[in-house]
Amino acid sequence: MTRRSVIAGVGSALPKRQVTNAELASQVDTTDEWIVERTGIRNRYLAGEGETTGTLATDAARAALAHAGLQAADIDLIVLATATPDQTFPSTATKVQAALGINDCIAFDVHAVCTGFLYALSVADSMVRSGSANKALVIGAETFSRILDWEDRTTCVLFGDGAGALVLSAEETESGILATKLHADGRHNDLLFVDGGPSTTQTVGKLRMKGREVFRHAVVNLADVLNEVLTDAGLTAADVDWVVPHQANARILDATARKLGLPAEKVVVTVDRHANTSAASVPLALDTAVKDGRIKRGDLIVLEAMGGGFTWGAAALRY
Ligand code: UT7
């Protein structure tokens, strides 16, 4: 037996306001047909007054703790992935910590945009396996609606807000997280970025993306990193029960599954309901498939994501 990080519970949270493609088309020069055909998106949730990355993250964390049957006081590590924090500092992780009433634990944010949750999971897993933590909250939470240019139809129709969380628990087991693999290539900054920041413009900025180029890189990078993480875990695509991918575009999900020779039925798809929620999309999709009964204890799951930087990564785990 080995000390590993086991997923003790999962949870998620969405803003109250649901926005369909039809509603967006009444405000932006777009159509339901274009959005569905090019992306698979039909709906997204957008944060309203009083809803922030921190409040959504806290709600998701509470749901994950309840699912795990644990108390907030049991948690000794919070790693929160976001590119849309409540404040430039302190970290949104410390806001979640305070909201949960945890007086002392390790808490910090990681920033790898849409790959943020994979980065957060990998860091938390390392700390759990090394003995620095026993029970960790790993959260992906975003309010991308607040950095979108609502005049730019090529980006504003693609994103939504939300949060997903999981509780990792240290156990002597052969299950849990089996392998993680992370990558970054900073040469591609100009293909997906925000045109502002504290140290440059002193503004938050708006999201800018050359979608077609990002698409091309995504399919290649995601198929490669999935193969790498399976190899590291001593597995092949045939062992996989479920792929839980970053939800950017249904066509990317299809193309990646085809490249790996995986049937589309094994891919968890929530992009139609949630749109692209950046770092929140993988844990939101995981929570959806666990709670609707598709993912069961003992299943072999691979998680993957790709985003700004570029960054990309994957994880293999026995649920
Ligand atoms: O999460 C981080 C990673 N992000 C991604 O993985 C996103 C990757 N990229 C994509 O998902 C796709 O490239 C998009 C969905 C962003 C775009 O789809 P596409 O098939 O690559 O379309 P395109 O950018 O090549 O645009 C095709 C046409 C253009 O018109 P022309 O130049 O052909 O006349 C656009 O102006 O579609 C037009 N268009 C729109 N039309 C109606 C772009 N946005 C819209 C829109 N409604 N919202």
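# Getting to know this predicted model

Q: Is cysteine 105 buried or exposed, and what is its relative accessible area?
A: The model is predicted, so local features are taken at pLDDT of at least 70 and side-chain atom pairs at pLDDT 80 or more, while totals for chains, interfaces and linings use all residues. Residues are numbered from 1 along each chain as its sequence is written, and side-chain values use heavy atoms, with hydrogens and water left out. Buried means under 20% relative accessible area, exposed means over 50%, and partly exposed is in between, using a 1.4 Å probe and protein chains only. Cysteine 105 is therefore buried, with a relative accessible area of 14%.

Q: How many disulfides does a search of the whole structure find?
A: A disulfide is a covalent bond between the sulfur atoms of two cysteines. Here the term stands for a pair of cysteine sulfur atoms within 2.5 Å. By that test, the number of disulfides in the whole structure is zero.

Q: Which cysteine has the sulfur nearest to that of cysteine 156?
A: Cysteine 156 is buried, because its relative accessible area is 0%. No disulfide includes cysteine 156, and 16 Å away is the nearest cysteine sulfur, which belongs to cysteine 114.

Q: What is the radius of gyration of the protein?
A: Helices (H or I, at least four residues) and strands (E, at least two) are DSSP runs numbered from the N terminus, and the protein has ten helices and 13 strands. For 319 residues the globule rule gives 20 Å, and the protein comes close to this, so it is as compact as a globular protein of that length. The radius is taken over C-alpha atoms, and the rule is 2.2 Å times the number of residues to the power 0.38. The radius of gyration of the protein is 18 Å.

Q: What share of the contacts between residues at least 6 apart in sequence join residues at least 24 apart?
A: Contact means heavy atoms within 4.5 Å. Along its principal axes the C-alpha trace spans about 55 × 45 × 40 Å, and 56% of the 319 residues are buried. Of the contacts in question, those joining residues at least 24 apart make up 76%.

Q: About how much space lies in the largest cavity?
A: On a 1 Å grid over the protein atoms alone, a cavity is a set of points where a 1.4 Å probe fits but cannot get out, and lining residues have an atom within 4 Å of a point. Grid points are joined across faces, edges and corners, and a volume is the space filled by probe spheres set on the points. The whole structure has one cavity of 30 Å³ or more. The space in the largest cavity is about 40 Å³.

Q: Which element gives the largest share of the lining of the largest cavity?
A: Among the lining residues are Leu226, Val243, Thr256 and Glu304. Two or more lining residues come from each of strand S11 (242-245) and helix H8 (250-260). Ala, Val, Leu, Ile, Met, Phe, Trp, Tyr, Cys and Pro count as nonpolar, Asp, Glu, Lys and Arg as charged, and the others, Gly among them, as polar; the lining has eight nonpolar, one polar and one charged residues. The largest share, four residues, comes from H8.

Q: Which residues does histidine 217 touch, not counting residues up to four places away in sequence?
A: Histidine 217 sits in helix H7 (residues 211-232). Its C-alpha atom is 10.0 Å from that of histidine 188, 29 residues apart along the chain. With those sequence neighbours left out, histidine 217 touches His188, Leu191, Met306 and Phe310.

Q: What is the omega of the peptide bond from glycine 309 to phenylalanine 310?
A: Most residues other than glycine have a negative phi, and most peptide bonds are trans. Phenylalanine 310 is in the loop between strand S12 (300-307) and strand S13 (311-318). The bond from glycine 309 to phenylalanine 310 is cis, with omega near -5°.

Q: What is the phi of glutamine 202?
A: Glutamine 202 is found in the loop between strand S9 (192-194) and strand S10 (207-209). Its relative accessible area is 60%, so glutamine 202 is exposed. Although glutamine 202 is not a glycine, its phi is positive, at about 60°.

Q: Which residues is aspartate 232 in contact with, leaving aside its neighbours within four places in sequence?
A: Aspartate 232 belongs to helix H7 and is partly exposed, with a relative accessible area of 47%. Between the C-alpha atoms of aspartate 232 and alanine 179, 53 residues apart along the chain, there is 6.3 Å. Leaving aside those neighbours, aspartate 232 is in contact with Ala179 and Lys181.

Note on methods. 1 Å grid on protein atoms, 1.4 Å probe; cavity = no way out; pocket = protein on both sides within 12 Å on 5 of 7 lines; lining within 4 Å.
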